[in-house]
Amino acid sequence: MGYHLNFNLIWRNIDKLWSGLLLSLELAVISIAIGALIGLVLAIWYVSAGKVVRGFIAAYVEFIRNVPLILLVYLVFYGLPTAVNIAYSATASFVITLSVYAGAYLVEVFRSGLEAVPRGQIDAGKAIGLTPLQRLLYVRLPTMTRITLPALSNTFISLFKDTSVASVIAVPELTYGAQWINFNTFRIVEVYIITTLMYLVTGYLILFGLRRLEGHFRVER
């Protein structure tokens, strides 16, 4: 007897998917914000510090980029509380993990952006008497932002998809909602068809919005 599609049970539990999708977006937004702060601070430090500091930053980047995200999630959620005797929720644990994960990738993005700022702009800032901090705030960072915006957009979309990993520690995001419906209705094909479409449509909408933002900055500048 063949498998027959039946979406009725999915529609009855669709609220699980909608709430999961909203949480996935929240996780991605919070993580990209914290990760961007981590990445920017370390990138500025990297381009202005000595070899020792650069070595530590490079070690952090290489460690994060070569360890699977799911293993980092387990280390932060299970390992860190055991080692240092602290407690936090699964959601907070995942935000910490994804932020640190994003920060490692954004260090390289921002470092490249800072180094790509034309030397003439920096020299012009010096010529009109700007301090190093003023040159950073008013010359380098605005130009770097314009240069790195496409890479930031791609990172955000990747983080949105990576939120699915949070399901392994029972964070009720979209994939966890799909698993819940599957375990309670046994409609595995239907629920993952709907979930896939939700990821796909949301990803394209995010991409469309971010590309419009990139275009706006290109026109304005």
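Leaving aside neighbours within four places in sequence, which residues is Y3 in contact with? The first legend answers this for a predicted model.

**View 1. Y3, in the segment before α1 (8-12).** Leaving aside its neighbours within four places in sequence, Y3 is in contact with F186, R187, I188, V189 and E190. Contact means heavy atoms within 4.5 Å. Y3 and R187 are 184 residues apart along the chain, yet their C-alpha atoms are separated by 9.8 Å. Y3 counts as partly exposed, because its relative accessibility is 43%. Buried means under 20% relative accessible area, exposed over 50%, and partly exposed in between (1.4 Å probe, protein chains only). Helices are DSSP runs of H or I with at least four residues, numbered from the N terminus.

**View 2. F186, in the loop between α8 and α9.** F186 has a positive phi, near 60°, and is a residue other than glycine. Most residues other than glycine have a negative phi. With a relative accessible area of 64%, F186 is exposed. F186 is also one of the residues in contact with Y3.

**View 3. A170, in the loop between α7 and α8.** Here too the backbone is the point of interest. A170 is not a glycine, but its phi is positive, about 65°. Its relative accessible area is 42%, so A170 is partly exposed.

**View 4. The largest nonpolar core, with 53 residues.** A nonpolar core is a set of buried Ala, Val, Leu, Ile, Met, Phe, Trp, Tyr and Cys residues joined through side-chain atoms within 4.5 Å. L17, Y60, F94, Y101, L106, F110 and V171 have the most contacts inside this core. At least two residues each come from α2 (14-48), α3 (51-65), α4 (69-84), α5, α7 (132-162), α8 (174-185) and α9 (188-220). The largest share, 12 residues, is supplied by α5.

View 5. T97 sits in helix α5 (residues 90-115). T97 is buried, because its relative accessible area is 3%. Not counting residues up to four places away in sequence, T97 touches L69, L72, V73 and V76.

**View 6. The crossing of α2 and α5.** Two packed helices are described by the angle between their axes and the distance between the axes. The axes of α2 and α5 come within 5 Å and cross at roughly 45°. Therefore α2 is oblique to α5. Axes are lines fitted to C-alpha atoms, for helices over the stretch in contact, and angles run from 0 to 180 degrees between N-to-C directions. Angles under 35 degrees count as roughly parallel, over 145 as roughly antiparallel, 65 to 115 as roughly perpendicular, and the rest as oblique. The contact of α2 with α5 has 21 nonpolar, six polar and two charged residues. Ala, Val, Leu, Ile, Met, Phe, Trp, Tyr, Cys and Pro count as nonpolar, Asp, Glu, Lys and Arg as charged, and the others, Gly among them, as polar.

**View 7. The packing of α2 and α3.** Their axes lie 9 Å apart, at an angle of about 145°. The crossing is left-handed. From α2, the contact uses I38, L42, W45, Y46 and V47; from α3, V53, R54, I57 and Y60. By class, the contact of α2 with α3 has eight nonpolar residues, no polar and one charged.

**Notes.** Residues are numbered from 1 along each chain as its sequence is written, and side-chain values use heavy atoms, with hydrogens and water left out. In this predicted model, local features need pLDDT of at least 70 and side-chain atom pairs count only at pLDDT 80 or more, while totals for chains, interfaces and linings use all residues.

How values were computed
A crossing is left-handed if the near helix is turned anticlockwise from the far one by less than a right angle, and right-handed if clockwise.
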